[in-house]
Amino acid sequence: MAKNESTQPEIARPYANGVVWRRLSPLATVLVLILVWHWITDWQLVSRILIPPPAQVLQSLAKALADGTLAKHAGTTLGEMMLGLPLGVSIGLAIGYAIAKAPLLEYILSPIIVAFQSTPIVAYAPLLIIIFGTGPSSKVVTTAVIVFFPTLVNTIVGIRGVSPRLRDLMRSLNASRWQIFRKLELPSALPVILAGLKTSATLAVIGAVVGEFVGSGSGLGVLVISARSQYDTPLVYVTVLTMTAIALSLYSLVALVEWRVLVWQRRST
Amino acid sequence: MRLRLQQLAVSYPAPGGTLLPALGPITFDIADDEFLCLVGPSGCGKSTLIRVLAGLLQPTAGSAYCGDALIDRPLPDIAIMFQDANLMPWRTVLDNIALPLEIAGVAESERHQTVRELLPQLNLDGFELAYPAELSGGMAQRAALGRVILQQPRIWLLDEPFGALDALTREKLSLELLRLRQRSRQTIVLVTHDISEAVLLADRIIVLSRRPGAVIADIAIDLPRPRFAAMIYQPEFLRLTKQVRESIESLRD
């Protein structure tokens with residue numbers, strides 16, 4: 001592939017042949033893991049009650065899909081996330097921007113924010129359930145709370161990282177506050193904010209599921225608990241893998257947006 | 001347009017609550033259409049002066065006027081060009097140059113048209129869709145120059161705009177600057193370290209002293225225009241260069 005490096009510098013063609021393999025390699029990892037899993041169960045290294053074979057999990061998946069169990073519970077969890085994630089992210093963006101612009105606010109708010117962040121969410125999730133009830137709204141709140149912090153921190157870092165000399169340029173062009181935000185601060189901070197959003201996307205699943213663990217009528221967190229109490233280990237696996245799939249898709253979605261938006265960064269390296 | 005500096009002084013807050021005088025007080029006028037070069041040792045407040053004239057920095061004392069208007073904020077008639085190109089890395093060359101028009105609310109098709117007409121003069125043909133990181137230093141500075149041109153300022157403030165470039169590129173860009181200026185004459189204030197560059201470009205050179213900067217020499221450069229690179233070998237050019245150099249060196253004691 002890259003044998004002709006001496007005649008053609010590597011930098012001249014950053015997306016050479018290797019890219020296909022690099023893209024496929026995560027898939028290969030998954031395949032190997034499934035194979036190992038299969039062998040472990042096939043050779044009875046571990047009891048099948050603890051680790052059911054992949055085929056059995058697949059059957060359970062088919063059943064949960066057919067009778068609508070999975071769709072119902074995943075739907076609840078997704079719904080909570082789809083409300084909680086934007087809610088937490090918008091609040092994180094707004095407060096992060098305010099703190100970046102007014103350092104005094106940081107002194108006022110940082111004790112609360114750090115206290116919130118350093119307390120495990122499992123510990124105060126019951127509190128949120130008491131306040132917001134066992135319906136979806138309490139899970140929207142746990143999700144919002146958990147995604148708030150990475151968004152906040154990355155927004156502060158991103159906005160503070162805006163070049164002071166580009167600020168001078170915008171001022172000398174008599175740009176309005178809105179123009180400075182829209183044409184300088186936002187695009188300049190976007191790489192950092194999107195990195196935070198990737199973290200938030202994966203945390204959103206945790207937020208919703210932790211809320212459901214504590215008290216809920218439906219959702220993937222509820223399904224895990226009920227499957228476990230019925231010793232339906234394959235269904236536990238199906239549910240956990242569904243959560244993984246949701247987190248991965250959401251992460252990939254943000255990564256895709258990042259890839260589309262940050263063309264200039266790829267071209268600049 | 002005329003610039004007036006009256007008892008202008010700038011101090012910066014220093015550790016311990018004291019004020020560190022950086023510039024002045026200085027008083028001088030810059031005539032309409034004049035090409036003025038500011039030279040002086042590092043840290044003499046040249047850049048500070050440029051920032052005050054750009055309306056980016058409030059003077060501690062005294063005031064600066066553009067025509068009759070007090071410079072207490074960035075004025076639309078005055079444009080500044082920075083030490084490095086100061087382009088936005090996420091914008092293409094086209095959109096970087098078009099920024100002043102975009103801020104002014106000009107429609108996208110119209111501003112792109114305007115920039116495309118300007119590109120040949122800037123020798124940036126074919127690079128309109130490149131990103132700043134893909135440009136050489138000289139090309140990036142030419143894009144920055146294009147951005148200043150589109151502001152259509154009456155006064156250009158140039159803070160060592162070619163300082164980071166190699167000597168030959170710098171000379172070439174300086175002369176391009178003169179050529180671009182001849183079409184519509186503006187007042188130019190150029191900060192530079194390079195005495196030859198100052199003599200080659202300016203109508204007048206002001207030498208600033210060490211911090212806090214004060215005017216120690218005000219030298220008229222009456223070389224004929226248009227200027228060209230080979231002028232640097234002429235006796236008159238050498239005499240003026242020597243005069244500027246001696247006034248700067250008189251500071252070293």
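Me: What makes a residue of chain A count as buried, and what share of the chain is that?
Reply: Of the 269 residues in chain A, 39% are buried. Buried is the word for under 20% relative accessible area, with exposed over 50% and partly exposed in between (1.4 Å probe, protein chains only). Please keep in mind that this is a predicted model, where local features need pLDDT of at least 70, side-chain atom pairs count only at pLDDT 80 or more, and totals for chains, interfaces and linings use all residues. Residues are numbered from 1 along each chain as its sequence is written, chains are lettered from A and ligands numbered from 1 in the order in which they are written, and side-chain values use heavy atoms, with hydrogens and water left out.

Me: Why is B:Cys44 called buried?
Reply: Its relative accessible area is 1%, so B:Cys44 falls under the 20% limit. B:Cys66 has 4%, and is therefore buried by the same rule.

Me: How do you know how many helices and strands chain A has?
Reply: They are read as DSSP runs, numbered from the N terminus: helices are H or I with at least four residues, and strands are E with at least two. By that count chain A has 11 helices and 0 strands.

Me: What covers the buried residues of helix 5 of chain A?
Reply: Helix 5 spans residues 121–132, and its buried residues are A:Ile121, A:Tyr124, A:Ala125, A:Leu128 and A:Ile129. Their cover includes helix 4 (103–118), helix 6 (136–160) and helix 8 (177–214) of chain A, where contact means heavy atoms within 4.5 Å. Just after helix 5, A:Gly133 has a positive phi of about 85 degrees.

Me: How does the radius of gyration of chain A stand against the globule rule?
Reply: The rule is 2.2 Å times the number of residues to the power 0.38, and the radius is taken over C-alpha atoms. A compact globule of 269 residues would come out near 18 Å, but chain A has 23 Å. Along the principal axes, its C-alpha atoms fill a box of roughly 70 × 65 × 30 Å.
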